[in-house]
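Here is a short briefing on a helical packing arrangement. Please look over the model before reading on.

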Amino acid sequence: MTYFVLFLGLCFVLGELAVATLTLHPLMEWCVCSFAGGGWLLSLEVSFVSLVLFMVYSGGMTVRFVYFLSLVADPF
């Protein structure tokens, strides 16, 4: 269990660094951070905060993704 928690923490930190450097698509990196942070909080038995974190990150990135798609689809 300790290795799993350390792995989630490492995924969270590396995901945040990937978002900061803009190497890949930020939506994918934010989802990785959301899953890793949520799993990390679940290991601490803070399930409500984990659910809120996941909903805020995933919902915010989905709205942003739909907004960018609408900008790309508009010819003017």
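Which residue follows α2, and what is its phi? Glu 45 follows α2, and its phi is positive, near 60°. The model is predicted: local features need pLDDT of at least 70, side-chain atom pairs count only at pLDDT 80 or more, and totals for chains, interfaces and linings use all residues. Residues are numbered from 1 along each chain as its sequence is written, and side-chain values use heavy atoms, with hydrogens and water left out.

**Helix α1**

- Helices here are DSSP runs (H or I, at least four residues), numbered from the N terminus.
- Helix α1 covers residues 2-21.
- The 20 residues of α1 should span 28 Å at 1.5 Å a residue, and the end C-alpha atoms are 29 Å apart, which agrees. The expected span is 1.5 Å times one less than the number of residues.
- Leu 8, Gly 9, Gly 15, Ala 18 and Val 19 are buried in α1. Buried means under 20% relative accessible area, exposed over 50%, and partly exposed in between (1.4 Å probe, protein chains only).
- The cover over these buried residues of α1 includes α2.
- Leu 10 sits in α1. Leu 10 counts as partly exposed, at 48% relative accessibility.
- Leu 10 and Trp 40 are 30 residues apart along the chain, with their C-alpha atoms separated by 10 Å.

**α1 against α2**

- Helix α1 packs on helix α2 (residues 26-43) at an angle of about 150°, and their axes are 8 Å apart. Axes are lines fitted to C-alpha atoms, for helices over the stretch in contact, and angles run from 0 to 180 degrees between N-to-C directions.
- α1 and α2 are therefore roughly antiparallel. Angles over 145 degrees count as roughly antiparallel, under 35 as roughly parallel, 65 to 115 as roughly perpendicular and the rest as oblique.
- The crossing of α1 past α2 is left-handed. That is, the near helix is turned anticlockwise from the far one by less than a right angle.
- On the α1 side, the contact residues include Val 5, Leu 8, Cys 11, Phe 12 and Gly 15. On the α2 side, they include Glu 29, Trp 30, Cys 33, Ala 36 and Trp 40. Contact means heavy atoms within 4.5 Å.
- By class, this contact of α1 with α2 has 11 nonpolar, five polar and two charged residues. Ala, Val, Leu, Ile, Met, Phe, Trp, Tyr, Cys and Pro count as nonpolar, Asp, Glu, Lys and Arg as charged, and the others, Gly among them, as polar.

**Helix α2**

- The 18 residues of α2 should span 26 Å at 1.5 Å a residue, and the end C-alpha atoms are 25 Å apart, which agrees.
- Buried residues of α2 include Pro 26, Glu 29, Trp 30, Cys 33 and Ser 34.
- The buried residues of α2 pack against α1 and α3 (47-73).
- Ser 34 belongs to α2. Ser 34 is buried, with a relative accessible area of 1%.
- Leaving out residues up to four places away in sequence, Ser 34 touches Leu 53, Phe 54, Tyr 57 and Ser 58.

**α2 against α3**

- α2 and α3 pack at an angle of about 175°, and their axes are 8 Å apart. That makes α2 roughly antiparallel to α3.
- Among the α2 residues in this contact are Leu 27, Phe 35 and Leu 41. Among their α3 counterparts are Val 49, Met 61, Arg 64 and Phe 65.
- The residues of the contact of α2 with α3 divide into 12 nonpolar, seven polar and one charged.

**Helix α3**

- The 27 residues of α3 should span 39 Å at 1.5 Å a residue, and the end C-alpha atoms are 39 Å apart, which agrees.
- Ser 50, Ser 58 and Met 61 are buried in α3. Their cover includes α2.
- Ser 50 counts as buried, at 6% relative accessibility. Not counting residues up to four places away in sequence, Ser 50 touches Gly 38, Leu 41 and Leu 42.

**The loop at Glu 45**

- Glu 45 lies in the loop between α2 and α3.
- Glu 45 has a positive phi although it is not a glycine. Most residues other than glycine have a negative phi.
- Glu 45 counts as exposed, at 72% relative accessibility.
- Glu 45 and Thr 2 are 43 residues apart in sequence and 14 Å apart in space, C-alpha to C-alpha.

Key
Helix = DSSP H or I, 4+ residues; strand = E, 2+ residues; numbered from the N terminus.
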